Amino acid sequence: MSDTASGGRRVEVHPDRYAVVDFDPSLTFECVDECTWCCHHGVLLYEQDLLELASRESISGVVEQFRGNDFVRKEEKNREEHVGEDGMACYFLRNDGLCALHAEHDWKPTRCSVFPLAVSVEDGEIHAGVRDSAHEHCEGLGVSERRVIDHLDAFLPELLWDLDDPESDVEL
Ligand code: SF4
Ligand code: SF4
């Protein structure tokens, strides 16, 4: 771990893969099971995610394209819980509020791992901040002793460093 000229902290997340932390290092996070807010949307799939998903599930009718990117589509759910205000949620969000991919395959798309963080690139370096929408909606910030900075490998999968554009501001 080292300090950058701008006051951020540069952390080795994976061997020889560094990210600059733009959030308070004391930030803690633990996902709250009943929340599911971040699963009420479509999820962008990087090419490697699409391949990984296709090796586990049929992707027919599951993946849609938007502005040249692949997304897990959101769909209308016939239930009152674990849906957004529009009654929609990610195709893989089950009735019990669990992610079918995580529960059945112990895997989820990169972008689902990154939330509640946001990835940006400055001067060729990956920066990790907290998404604006997470400050507003994520119930898991500050509810545990688990410091995000100590577990960055869980939030920032290594494939992010191999992408042409790892920034996380693309939404369905
Ligand atoms: S918004 Fe935060 S607490 Fe809610 S499901 Fe997503 S990561 Fe978990
Ligand atoms: S793939 Fe799973 S973790 Fe990701 S948004 Fe859908 S239900 Fe949530």
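This is a predicted model: local features need pLDDT of at least 70, side-chain atom pairs count only at pLDDT 80 or more; totals for chains, interfaces and linings use all residues.
Colleague: In which pocket does ligand 2 sit?

Modeller: A molecule is assigned to a pocket if more than half of its atoms lie within 2 Å of the grid points of that pocket. By that criterion, ligand 2 sits in the largest pocket.

Colleague: Which element gives the most to the lining of the largest pocket?

Modeller: The largest pocket holds about 1,000 Å³ of space. Of the 43 residues that line the largest pocket, C38, C39, K108, C112 and F115 are the closest to its centre. At least two lining residues come from each of β4 (43–45), β6 (69–72), α2 (100–105), α3 (110–114) and α5 (152–155). The element that gives the most, with four residues, is α3.

Colleague: How many charged residues does the lining of the second largest pocket have?

Modeller: About 260 Å³ of space lies in the second largest pocket. Its lining comprises 15 residues, and L45, Y46, E47, N69 and L163 are the closest to its centre. β4, α1 (47–54) and β6 each give two or more residues to this lining. By class, the lining of the second largest pocket has six nonpolar residues, three polar residues and, as charged residues, six.

Colleague: Which residue in the turn between β9 and β10 has a positive phi?

Modeller: Strand β9 (residues 117–122) pairs with strand β10 (residues 125–130) in the antiparallel sense over six bridges. Within this pairing, L117 of β9 stands opposite V130 in β10. The two strands form a hairpin with two residues between them. The residue in the turn with a positive phi, of about 50 degrees, is D123.

Colleague: With which residues is S144 in contact, leaving aside its neighbours within four places in sequence?

Modeller: S144 lies in the loop between α4 (132–137) and α5. From N78, S144 is 66 residues apart in sequence and 33 Å apart in space, C-alpha to C-alpha. Contact here requires heavy atoms within 4.5 Å. Leaving aside those sequence neighbours, the residues in contact with S144 are T28, F29 and E30.

Terms used
Residues are numbered from 1 along each chain as its sequence is written. Chains are lettered from A and ligands numbered from 1 in the order in which they are written. Side-chain values use heavy atoms; hydrogens and water are left out. On a 1 Å grid over the protein atoms alone, a cavity is a set of points where a 1.4 Å probe fits but cannot get out, and a pocket is an open set with protein on both sides within 12 Å along at least five of seven lines; lining residues have an atom within 4 Å of a point. Two strands pair if DSSP finds at least two bridges between them. Grid points are joined across faces, edges and corners, and a volume is the space filled by probe spheres set on the points. Ala, Val, Leu, Ile, Met, Phe, Trp, Tyr, Cys and Pro count as nonpolar, Asp, Glu, Lys and Arg as charged, and the others, Gly among them, as polar.
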